[in-house]
Amino acid sequence: LGQGVCNAVGLAMAQAHTAATFNKPGFDVVDNHTYCFLGDGCLMEGVSSEASSLAGHLQLGNLICIYDDNHISIDGDTNCAFTEDVVKRYEAYGWHVEVVHDGDSDLAAIEAAIKKCQEVKDKPSLIKLKTTIGFGSLQQGTHGVHGSPLKADDIKQLKQKWGFPEDAFHVPKEIYDLYGKHSSEGASHEDKWNQLMTKYAEQFPNEAADLKRRQTGDLPQGW
């Protein structure tokens, strides 16, 4: 617990450093965001507080964390141990914060929140999703679905509720089609980036060679 957001801060720091080192006017060869999911238990950990404070200090606008605020931990309801105002804490760290009140089903609001955060360049962002753990389960809203498999009767009623076949494993065709569409889009973005890198290497051969070396994990000559 808490390790994920710390790793995310480290990745965002590395990305920001790499962008500052290699980006040139007209050549944003490094411009991605780092995304992280975290929960109530993660935010109870001191190590996540230290990393989040550092991210705010460094103004890591490339970092977007999505907080699954379901008020449940392995101990039960968070009222037993964790009642602080997380939004105010992260604002005090210097973060931009968005709140989605229906994180169970308001997909449009989630997408809108992510897009808003992508526009913030001088602060890391936290999106607080108010959700129901085990949404739709007979045990929804309880720690009974925290890390525990659902029972057969619960799975059956859940599939009936959401209109899924009772097959042991089923992925609707529209899901395959959607992922296939995103795969094609990703390949197109990669092709455009490779073309950009080709032009970058023509104008900045030393920087391009150094970036390639870092990507392959090789050490500098004579190190």
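From the N terminus on, the elements of this protein follow the order α-β-α-α-β-β-β-α-β-α-β-α-α-α. That comes to 8 helices and 6 strands. The model is a predicted one.

**Overall dimensions and contacts**

Taken along the principal axes, the C-alpha atoms of the protein fill a box of roughly 60 × 45 × 35 Å. The protein has 223 residues, and 34% of them count as buried. Among contacts between residues at least 6 apart in sequence, 72% join residues at least 24 apart.

**Helix α3**

Helix α3 covers residues 46-57, which is 12 residues. From its first C-alpha to its last it reaches 17 Å, close to the 16 Å expected at 1.5 Å a residue.

Which residues of α3 are buried? They are Ser 48, Ala 51, Ser 52, Ala 55 and Gly 56. Around the axis these residues cover an arc of only 140°, and therefore they lie on the same side of α3.

The buried residues of α3 pack against several elements: α1, α2 (40-44), β2 (63-69) and α4 (86-93). Just after α3, Gln 59 takes a positive phi of about 55°.

**Helices α1 and α8**

Helix α1 (residues 3-22) packs with helix α8 (residues 205-216), their axes being 11 Å apart. The angle between the two helices is about 160°. Angles over 145 degrees count as roughly antiparallel, and α1 and α8 are therefore roughly antiparallel to each other. On the α1 side, the contact is made by His 17, Thr 18, Thr 21 and Phe 22. On the α8 side, Glu 207, Asp 210, Leu 211 and Arg 214 take part. By class, this contact of α1 with α8 has 2 nonpolar, 3 polar and 3 charged residues.

Buried means under 20%, exposed means over 50%, and partly exposed lies in between.

| Residue | Relative accessible area | Class |
|---|---|---|
| Tyr 90 | 1% | buried |
| Thr 34 | 9% | buried |
| Glu 111 | 45% | partly exposed |

Tyr 90 is found in helix α4. Which residues does Tyr 90 touch, not counting those up to four places away in sequence? They are Leu 43, Ser 48, Ser 52, Trp 95, Val 97 and Leu 126. Ser 48 and Ser 52 are among the buried residues of α3, and those buried residues pack against α4, as well as other elements. The C-alpha atoms of Tyr 90 and Asp 102 are separated by 20 Å, and the two residues are 12 residues apart along the chain.

Thr 34 lies in strand β1, which spans residues 34-39. Its relative accessibility of 9% is under the 20% cut-off, and Thr 34 therefore counts as buried. Leaving aside neighbours within four places in sequence, Thr 34 is in contact with Ala 8, Leu 11, Ala 12, Asn 62, Leu 63 and Ile 64.

Glu 111 lies in helix α5 (residues 107-119). How far apart are the C-alpha atoms of Glu 111 and Val 100? They are separated by 9.9 Å, with the residues 11 apart along the chain.

Methods:
Residues are numbered from 1 along each chain as its sequence is written. This is a predicted model: local features need pLDDT of at least 70, side-chain atom pairs count only at pLDDT 80 or more; totals for chains, interfaces and linings use all residues. Side-chain values use heavy atoms; hydrogens and water are left out. Axes are lines fitted to C-alpha atoms, for helices over the stretch in contact, and angles run from 0 to 180 degrees between N-to-C directions. Helices (H or I, at least four residues) and strands (E, at least two) are DSSP runs, numbered from the N terminus. Angles under 35 degrees count as roughly parallel, over 145 as roughly antiparallel, 65 to 115 as roughly perpendicular and the rest as oblique. Contact means heavy atoms within 4.5 Å. Ala, Val, Leu, Ile, Met, Phe, Trp, Tyr, Cys and Pro count as nonpolar, Asp, Glu, Lys and Arg as charged, and the others, Gly among them, as polar. The expected span of a helix is 1.5 Å times one less than its number of residues. Buried means under 20% relative accessible area, exposed over 50%, partly exposed in between (1.4 Å probe, protein chains only). The arc is that of the directions from the helix axis to the C-beta atoms.
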